[in-house]
Amino acid sequence: LVSFVINLPSMKRCLPLLILTIFSFSFGIDVQSAIETAKNQYGMSDADIKNAAQSYTEQGSDVPADQPVDKSKGRVKVIDKESDKESVQVESLKNKDIRSVVEKRFPNELKQFGYDIFSSVAVTFTPLKNVPVGSDYVLGSGDQMMVNLWGSLQQSFSADVDADGAVMLPKIGKVIVSGMTLGRATQLITTLFERNFANFYMDITMGRLKTIEIFVLGDVKMPGRYNLSSLATVLYGLYSAGGPTKLGSLRKIQIIRDQRVMKIVDLYELLLYGDKTGDVQLKRGDTIFVPKIGETVAIRGEIKTPAIYEINDNTSLYEIVGMAGKYTRNTYIKEINIVRKDKLMDTFKLKTLSYKNLEDFVVQSKKFMVEEGDIIDLKAIDDKLYNWVNVEGSVKFPGQYDYTSADNLDALIK
């Protein structure tokens with residue numbers, strides 16, 4: 001109050017506004033009404049009220065608790081509770097560090113390679129439905145076969161594979177088909193019909209496909225039990241569970257069948273080279289287990305795909321450069337810097353690798369093994385041009401020319 005009075009040019013005129021304002025905050029009186037009273041009863045102008053309020057807030061005085069304050073400027077910052085609430089929350093998220101534990105160990109601009117393939121699962125992932133199958137499809141309980149007959153027989157019907165693995169066929173009876181391929185079952189059913197009928201044609205396709213129950217466990221976003229199409233593969237199962245977290249490995253995914261690990265899937269083969277041979281088809285009761293991520297290294301600078309990569313044992317510098325898409329046209333391949341932790345001194349040290357030319361790099365980099373936590377930095381060459389002169393004036397084609405291609409000035413101009 002003292003500071004307010006001292007800073008005001010006219011205490012008598014502004015003191016009523018102060019009293020009205022304090023009573024407004026204390027007893028819930030409308031501030032606008034208090035301002036109108038100050039104008040009507042005490043003759044205060046809008047400029048007087050503005051100056052009084054500005055002087056009052058600049059002194060760091062308290063303001064109503066329900067109004068956010070921007071203390072950096074000493075002003076009251078009024079935030080509309082409805083329209084600005086969302087923008088405040090968005091600003092809070094922007095300032096929040098959402099990088100993974102692995103990413104925080106490396107330069108800020110680098111992200112972990114490969115995980116983006118699962119980032120939009122909710123939008124792009126569509127369960128398998130009405131998918132045509134080949135003659136090598138293995139039948140089982142829950143499958144539906146569609147049988148079409150024409151010629152001397154005009155009939156179409158469906159036959160469901162029951163819990164015993166059999167289908168019921170008209171005039172034929174119960175036939176066991178579970179465990180057979182679609183091609184083999186078609187041959188068997190055709191033979192059985194030929195024993196009772198002649199001059200007919202038969203076509204068998206699949207209708208509804210059976211589902212299989214599998215488990216997706218470990219470092220995935222939504223671990224649990226899933227009922228998937230019998231055509232589902234490992235990648236399909238991972239998509240169903242939201243994909244691995246950034247603490248989960250993309251290179252050592254285990255497929256557990258009959259209590260043993262029957263396959264290790266390396267998703268880098270798919271992500272880097274498009275090789276889907278490791279994306280095996282799942283069977284009922286399989287478990288997809290995603291273990292913790294292995295050792296990681298980062299590569300940045302003049303490289304096509306700078307990122308943080310998970311490595312296997314005995315991974316060479318040449319392999320890492322290959323994973324990152326190899327060098328660009330501007331890469332200075334004669335010198336590569338590597339930041340590596342000195343395990344004895346517990347400090348980070350810079351190691352510079354030198355090569356005579358590209359061929360030397362290919363040979364030597366295959367012998368240099370990267371280690372956990374390495375940061376590989378590829379430099380860029382100087383992009384300036386040095387072997388040129390600019391020809392201007394009364395010439396047919398003015399511009400830049402390579403002066404080394406001409407023996408003298410006369411030859412260059414010609």
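**Entry 1: Pro170**

I began at Pro170, which sits in the loop between β5 (166–169) and β6 (173–176); helices (H or I, at least four residues) and strands (E, at least two) are DSSP runs, numbered from the N terminus. The model is predicted, so I kept local features to pLDDT of at least 70 and side-chain atom pairs to pLDDT 80 or more, while totals for chains, interfaces and linings use all residues. Residues are numbered from 1 along each chain as its sequence is written, and side-chain values use heavy atoms, with hydrogens and water left out.

I then listed its contacts (heavy atoms within 4.5 Å). Setting aside neighbours within four places in sequence, Pro170 touches Gln155, Phe157 and Phe193. Phe193 is 23 residues away from Pro170 along the chain, and their C-alpha atoms are 9.6 Å apart.

**Entry 2: the sheet of three strands**

Next I traced the open sheet with the order β4-β3-β7, where the pairing is antiparallel; two strands pair if DSSP finds at least two bridges between them. β4 (155–160) and β7 (200–206) are the edge strands, each pairing on one side only. Neighbouring strands here are turned by 20° against each other on average, direction ignored. For such angles, axes are lines fitted to C-alpha atoms, for helices over the stretch in contact, and angles run from 0 to 180 degrees between N-to-C directions.

Strand β3 (residues 144–151) meets β4 over 6 bridges, and Met146 has Ser158 in β4 as its bridge partner. I also found helix α7 (residues 182–194) packed on this sheet, where α7 touches β3, β4 and β7 and its direction makes about 150° with that of β7.

**Entry 3: the sheet of five strands**

I moved on to an open sheet of 5 strands, ordered β9-β8-β12-β10-β11, with mixed pairing. Its edges are β9 (224–229) and β11, each pairing on one side only. From one strand to the next, the twist averages 30°. Strand β8 (residues 211–218) and β9 run antiparallel, joined by 6 bridges; one pair I checked is Thr211 with Ser229 in β9.

**Entry 4: Asp266**

Asp266 counts as buried because its relative accessible area is 18%. What does its side chain meet? I found a polar contact of 2.9 Å with the side chain of Arg251. A polar contact is a pair of N or O atoms within 3.5 Å; within protein, one must be able to donate a hydrogen and the other to accept it, and residues adjacent in sequence count only if both atoms are side-chain atoms. Beyond neighbours within four places in sequence, Asp266 contacts Leu250, Arg251 and Asn312.

β15 (residues 331–342) and β16 (residues 347–354) pair in the antiparallel sense over 8 bridges. They form a hairpin with 4 residues between them, and Asp346 in the turn has a positive phi of about 60°. Val339 stands opposite Leu350 in β16.

I then looked at α11 (residues 358–365), whose buried residues are Asp360, Phe361 and Ser365. They lie on the same side of α11 because they cover an arc of only 110° around the axis, the arc being that of the directions from the helix axis to the C-beta atoms. They pack against α10 (317–323), β15 and β16. At the N-terminal end of α11, Asn357 is the cap, with a side-chain oxygen 3.2 Å from the backbone nitrogen of Glu359.

**Entry 5: cores and totals**

My last look was at the nonpolar cores, each a set of buried Ala, Val, Leu, Ile, Met, Phe, Trp, Tyr and Cys residues joined through side-chain atoms within 4.5 Å. The largest has 54 residues, and those with the most contacts inside it are Leu238, Ile288, Ile299, Leu317, Ile336 and Ile376. Helix α8 (residues 234–240) gives this core its largest share, 5 residues. Apart from it lies another core of 24 residues, including Leu139, Met145, Ile204 and Leu209.

For the totals, I noted 12 helices and 19 strands in the protein chain. Of its 414 residues, 34% are buried.

Technical notes: Buried < 20%, exposed > 50% of the residue type's maximum accessible area, 1.4 Å probe, protein only.
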